[in-house]
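Colleague: I have a model open on my screen and would like to learn how to read its packing. Could you walk me through it?

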Amino acid sequence: MKFLTLSILPVCCCLFSLTAAAQLISDSIEVEKHFRRFHFNRPENNKKNKRLIFVLHGSGGNGKQMMAGASKLDKLSSSENLIVVYPDGYKRYWNECRKSATTPPNLENINEEAFFEAMIQYFKKQYRINTKNVFVVGTSGGGHMAYKLAMTLPEKIKAITAIVASLPDPSNFDCIDKKVAKPVMIVNGTADPLNRWEGGEIILGNGVTMGLIRSTESSFQYWSDLAGYTGQPMKTTLPNTDPKDGKTIERYQFKAKGKPEVTLLKVIGGKHDYPGDIDVHVEAWEFFKRQ
């Protein structure tokens, strides 16, 4: 990944009143001649050492669309001293280590690391975040972007959660992986027709191809090996709180003192969607807190 000169220039900030207690802020930062946008609710308190969570949309989406799905996480912001941020991908996509991807950010080699570093500095200056507690949770293409940040920017990212996303196949990987063990949680469905459990090629409905991905189990094994785990993970079946969704969840967890936790939530019957038994973003925060 080529790092170029970074220019940080916050531009006009637009405020939209949501309630008496919350304001949606949309702002932009100039990164290598591209204005990159992000959205967040203004914090309700002025406490220091806030934790920062990036919530990343999937391919073809945008940050504002993710806000509804992560509303329960956002409601925890004040009590948990969080800032939840919803960035926009470049032209609705991310440049996320998939060499074969025919998306604009991959073809133009957009510098995503510079964008996220600039946002971290923005929130450090404006809201006094604790830069040692920066987390990323992403869905689909956003999950692939989360993997990338854990691999190429591990010194800035504390932990990640990747939802309905698996690592690129080695033949489809074009990033410089620093191979730093990190806390990682994966939430994948066994019946996902797009990000298939067993791996394979991803072709989006609009003709965009993303190339080959690893299997879910191989992705889990990658992070487990990097963290130094051997043997079998601890298996737990989560309560089936939503029997109507046709899904059940098994947790496979590696956790040991002095090592980053690596967890897989196997959503049996899960497709390219969220299970009803848990709120995946709140579950991600519970995972992040353990780190």
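Colleague: Leaving aside neighbours within four places in sequence, which residues is Phe123 in contact with?

Modeller: Contact means heavy atoms within 4.5 Å. In this predicted model, Phe123 has Phe38, Phe40, Leu52, Ile83, Val85, Arg128 and Ile129 as such partners.

Colleague: Which residues touch the most other members of the largest nonpolar core?

Modeller: A nonpolar core is a set of buried Ala, Val, Leu, Ile, Met, Phe, Trp, Tyr and Cys residues joined through side-chain atoms within 4.5 Å. Buried means under 20% relative accessible area (1.4 Å probe, protein chains only), exposed over 50%, and partly exposed in between. Here that core has 49 residues, and Phe54, Phe123, Tyr147 and Trp223 touch the most other members. Helix α5 (residues 112–127) gives the largest share, nine residues. Helices are DSSP runs (H or I, at least four residues), strands are E runs of at least two, and both are numbered from the N terminus. Another core, of 27 residues, lies apart and includes Met66 and Leu238.

Colleague: How many helices and strands does the protein chain have?

Modeller: There are eight helices and 13 strands. Of the 291 residues, 56% count as buried.

Colleague: Where is pLDDT under 50?

Modeller: pLDDT is the predictor's confidence in each residue, from 0 to 100. The stretch under 50 is residues 1–21, while the chain mean is 92.

Note on methods: Residues numbered from 1 in each chain as written. Predicted model: local features only at pLDDT ≥ 70, side-chain atom pairs only at ≥ 80, totals over all residues. Heavy atoms only, no water.
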